[in-house]
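Me: I would like to learn how to read a sheet and its aromatic contacts in a model such as this one. Please take the features in turn.

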Amino acid sequence: MTTSIKVVARVMITPGREDAFEKHAAELSIATRAEEGCLSYHLHRNLNQKGVYVFVEEWASRQIWERHMSGQAIRVFNAQLSPATIAHIEIHPLEHIA
């Protein structure tokens, strides 16, 4: 049985690079929402910490999410960012248990 997963990714951006990140992350979000198996994909800005963002995603399966992570939209996004734009990233794939 294939079950959907949620993914939460917390991204910390190097100071001064937030505008470029937001532009390219918005483009990534649009491209990703069009991918097969993407159930939702949203970017949020932390109101209390400048330069901290959270992607909240839902995918039809872990395999589809893994395909996304090595797919065209992610490759384009990474190529568009200047080196060291992302200071730190944590990616948490989650499964529902209760």
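Me: In what order do the four strands form the open sheet?

Reply: Strands (E, at least two residues) and helices (H or I, at least four) are DSSP runs numbered from the N terminus, and two strands pair if DSSP finds at least two bridges between them. Here the order is β2-β3-β1-β4, with antiparallel pairing. The edge strands, β2 (38-45) and β4 (86-94), each pair on one side only. This is a predicted model, in which local features need pLDDT of at least 70 and side-chain atom pairs count only at pLDDT 80 or more, while totals for chains, interfaces and linings use all residues. Residues are numbered from 1 along each chain as its sequence is written, and side-chain values use heavy atoms, leaving out hydrogens and water.

Me: How many bridges join β1 to β3?

Reply: Eight bridges join β1 (residues 5-13) to β3; within β3, Glu 58 is the bridge partner of Lys 6.

Me: How many aromatic pairs are there?

Reply: Rings of Phe, Tyr and Trp (its six-membered ring) pair if their centres lie within 6.5 Å; planes under 30 degrees apart count as stacked, over 60 as edge-to-face and the rest as tilted. By this rule there are five aromatic pairs. Phe 21 and Phe 55 have ring centres 6.4 Å apart and planes at 75°, so they are edge-to-face. The pair links helix α1 (residues 18-33) with strand β3 (residues 52-59), its members being 34 residues apart.

Me: Is Phe 21 buried or exposed?

Reply: Buried means under 20% relative accessible area, exposed over 50%, and partly exposed in between (1.4 Å probe, protein chains only). Phe 21 is buried, at 0%.
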